[in-house]
Amino acid sequence: MLNNLKDYQLILASQSPRRHQMLKELGLIFEIRTKEVEEIYPEGLIPDQIPVYLAELKAKAFGADFKSNELVITADTIVCVDDWILGKPNDRDDAVKMLNALSDRSHQVISGVCLMSKDKKISFSTITNVHFKALSEEEIDYYIDNYKPFDKAGAYGIQEWIGFIGIDGIEGSYFNVVGLPIQRLYQELLKF
């Protein structure tokens, strides 16, 4: 599958072990290469534009370094509850605040992905609606202390303990909530 990519050297610009695993499971051969990027976006973007903007920013950082046969895959994920955009928590207190805000509510997980080569770019976003049951203070403390979700947007991983006991429904892609809308990525790679 994905024979259309055989002439490309694939680069995943992400340190996320979850994204690494999903691309491996898709059967892709890739290298991991990241560039330092300050993840700041302009005010006024609507939520589903933010992760696309950030994914494109990460791809553009490769700019002059692009070789003609390289295809870089970048991604960014945010969590949005009401008008509050949740990225990765800064510390334990921030993680507690985020999980309290998600408790007994629905929120959106939005991932933006950018596929970029020297002469082509495809960007897209995927939205999944997630609902948490009411989380107790003890459950939040247990999860943060044992799973340390400081590298995850919204301070949680659906594939971890908090997802097992706290999420009582999702609408959309499960893998998007894990961190990469792999079904949509596959479709876009087929077209690249």
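This is a predicted model: local features need pLDDT of at least 70, side-chain atom pairs count only at pLDDT 80 or more; totals for chains, interfaces and linings use all residues.
**Figure 1**
From the N terminus on, the elements run β-α-β-α-β-β-α-β-β-α-α-β-α-α. The radius of gyration is 17 Å, close to the 16 Å that the globule rule gives for 192 residues, so the chain is as compact as a globular protein of that length. Along the principal axes, the C-alpha atoms fill a box of roughly 50 × 35 × 25 Å. Buried residues make up 48% of the 192 residues. Take the contacts between residues at least 6 apart in sequence: 66% of them join residues at least 24 apart. The accessible surface comes to about 9,700 Å². Carbon and sulfur atoms account for 48% of that surface.

**Figure 2. Helix 4 has buried residues along one face.**
Helix 4 spans residues 137–147. Its buried residues are Glu139, Ile140, Tyr143 and Ile144. An α-helix has 3.6 residues a turn, so residues three or four places apart point the same way. What do the buried residues of helix 4 pack against? They pack against helix 3 (92–102) and helix 5 (161–166). Glu137 and Glu138 lie on the other side of helix 4, and they are exposed.

**Figure 3. Lys58 forms salt bridges with Glu39 and with Asp76.**
Start with Glu39. The closest N and O atoms of Lys58 and Glu39 are 3.7 Å apart. This pair links distant parts of the chain, 19 residues apart. Lys58 belongs to helix 2 (residues 50–60), while Glu39 sits in the loop between strand 2 (30–32) and helix 2. Is Lys58 buried or exposed? Lys58 counts as buried because its relative accessibility is 14%, under the 20% cut-off. Glu39 counts as partly exposed, at 42% relative accessibility.
Now turn to Asp76. The side chains of Lys58 and Asp76 meet in a salt bridge of 2.9 Å, N to O. This pair also links distant parts of the chain: Lys58 in helix 2 and Asp76 in strand 3 (residues 70–81), 18 residues apart. Both Lys58 and Asp76 are buried.

**Figure 4. Glu56 in helix 2 makes a polar contact with Ser123.**
The two side chains meet at 2.6 Å. Glu56 is buried, with a relative accessible area of 15%. Which residues does Glu56 touch, leaving out those up to four places away in sequence? They are Thr74, Cys114, Lys121 and Ser123.

**Figure 5. Arg184 and Glu188 form a salt bridge within helix 7.**
The closest N and O atoms are 2.9 Å apart. Helix 7 covers residues 182–191. Why are Arg184 and Glu188 separated by about one helical turn? Because they are four residues apart in the helix. Arg184 is partly exposed, with a relative accessible area of 34%. Glu188 counts as buried, at 7% relative accessibility.

**Figure 6. Arg18, Asp151, Lys152 and Glu160 are linked in a network of salt bridges.**
How many salt bridges does a search of the whole structure find? The search finds 14.

**Figure 7. Asn176 is buried in helix 6.**
Helix 6 covers residues 174–178. The relative accessible area of Asn176 is 0%. The side chain of Asn176 makes a polar contact with the side chain of Ser111, at 2.7 Å. Which residues does Asn176 touch, not counting those up to four places away in sequence? They are Val109, Ser111, Thr126, Ile127, Thr128 and Pro181. Asn176 and Val96 are 80 residues apart along the chain, and their C-alpha atoms are separated by 23 Å.

Technical notes
Residues are numbered from 1 along each chain as its sequence is written. Side-chain values use heavy atoms; hydrogens and water are left out. Helices (H or I, at least four residues) and strands (E, at least two) are DSSP runs, numbered from the N terminus. Buried means under 20% relative accessible area, exposed over 50%, partly exposed in between (1.4 Å probe, protein chains only). Contact means heavy atoms within 4.5 Å. A polar contact is a pair of N or O atoms within 3.5 Å; within protein, one must be able to donate a hydrogen and the other to accept it, and residues adjacent in sequence count only if both atoms are side-chain atoms. The arc is that of the directions from the helix axis to the C-beta atoms. A salt bridge is a side-chain nitrogen of Lys or Arg within 4 Å of a carboxyl oxygen of Asp or Glu. The radius of gyration is taken over C-alpha atoms; the globule rule is 2.2 Å times the number of residues to the power 0.38. Accessible areas come from the Shrake-Rupley method with a 1.4 Å probe; for residues, only the protein chains shown count as cover.
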